[in-house]
Amino acid sequence: VPTIRARYKAQRDAMRAALEQHLSAGCRWNTPAGGMFFWIELPRALDATALLPTAVAAGVAFVPGAPFFVSSGHDNTLRLSFVTVP
């Protein structure tokens, strides 16, 4: 378990650095203290589901966040895993 925790922490920190470098100021995310995912909120005008094919074509996959909510209006959210990438 300590080896996996250290690996996941390094991967989390690398993804956080990439998010800070590449996402616009209009995006927000949490830095997870546990778990395996970043929860990202894009600017309101963006639809994560509509962006998914473009992201996949560029080698990035994520899960659109809207299905995780009971109410509508969260089309601009996504869940991004940091443990499945080296």
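Reader: What does the side chain of D47 reach at the start of α2?

Author: Look for a side-chain oxygen and a backbone nitrogen. At the start of α2, an oxygen from the side chain of D47 comes to within 2.9 Å of the backbone nitrogen of T49. This is a predicted model, and the distance is computed from its atoms.

Reader: Which residue follows α2, and what is its phi?

Author: G59 follows α2, and its phi is positive, near 90°.

Reader: How far should I trust the coordinates?

Author: Start with the confidence. Where pLDDT is low, predicted coordinates should not be read in detail. Here the protein has a mean pLDDT of 94, with 100% of its residues at 70 or more. Confidence is lowest in α1, where the mean is 95, and highest in strand β3 (residues 63-64), at 98.

Reader: What does the side chain of N76 reach?

Author: The backbone oxygen of L42, at 2.6 Å.

Reader: How many salt bridges are there?

Author: For a salt bridge, check the distance from a side-chain nitrogen of Lys or Arg to a carboxyl oxygen of Asp or Glu; the cut-off is within 4 Å. The count for this model is 5. One of them joins the side chains of R12 and D13, with N to O at 2.8 Å. D13 also forms a salt bridge with R16, at 3.6 Å from N to O.

Reader: Where do D13 and R16 lie, and how many residues apart are they?

Author: Both are in helix α1 (residues 2-22), 3 residues apart, which is about one turn of the helix.

Reader: Which salt bridge links distant parts of the chain?

Author: Compare the positions of the two partners in the sequence. R28 and E41 meet through their side chains in a salt bridge of 2.6 Å, N to O. This pair links distant parts of the chain, with R28 in strand β1 (residues 28-29) and E41 in strand β2 (residues 37-41), 13 residues apart. R28 is exposed, at 54% relative accessible area, whereas E41 counts as partly exposed at 27%.

Reader: Which residues do salt bridges with shared partners join into one network?

Author: K9, R12, D13, R16 and E20.

Reader: What lines the largest pocket?

Author: The largest pocket has a volume of about 500 Å³. Its lining has 21 residues, and L23, V60, F62, L78 and L80 lie nearest the centre. α1, α2 (48-57) and β4 (77-81) are the elements that each give two or more residues to this lining. The most come from α1, with 4 residues. By class, the lining has 16 nonpolar residues, 5 polar and no charged.

Reader: Which residue classes line the second largest pocket?

Author: That pocket holds about 170 Å³ of space. Its lining divides into 5 nonpolar, 2 polar and 3 charged residues. Among the lining residues are I4, Y8, K9, R12 and F82. K9 and R12 also belong to the salt-bridge network.

Conventions: Residues are numbered from 1 along each chain as its sequence is written. This is a predicted model: local features need pLDDT of at least 70, side-chain atom pairs count only at pLDDT 80 or more; totals for chains, interfaces and linings use all residues. Side-chain values use heavy atoms; hydrogens and water are left out. Buried means under 20% relative accessible area, exposed over 50%, partly exposed in between (1.4 Å probe, protein chains only). pLDDT is the predictor's confidence in each residue, from 0 to 100. On a 1 Å grid over the protein atoms alone, a cavity is a set of points where a 1.4 Å probe fits but cannot get out, and a pocket is an open set with protein on both sides within 12 Å along at least five of seven lines; lining residues have an atom within 4 Å of a point. Grid points are joined across faces, edges and corners, and a volume is the space filled by probe spheres set on the points. Ala, Val, Leu, Ile, Met, Phe, Trp, Tyr, Cys and Pro count as nonpolar, Asp, Glu, Lys and Arg as charged, and the others, Gly among them, as polar. A polar contact is a pair of N or O atoms within 3.5 Å; within protein, one must be able to donate a hydrogen and the other to accept it, and residues adjacent in sequence count only if both atoms are side-chain atoms.
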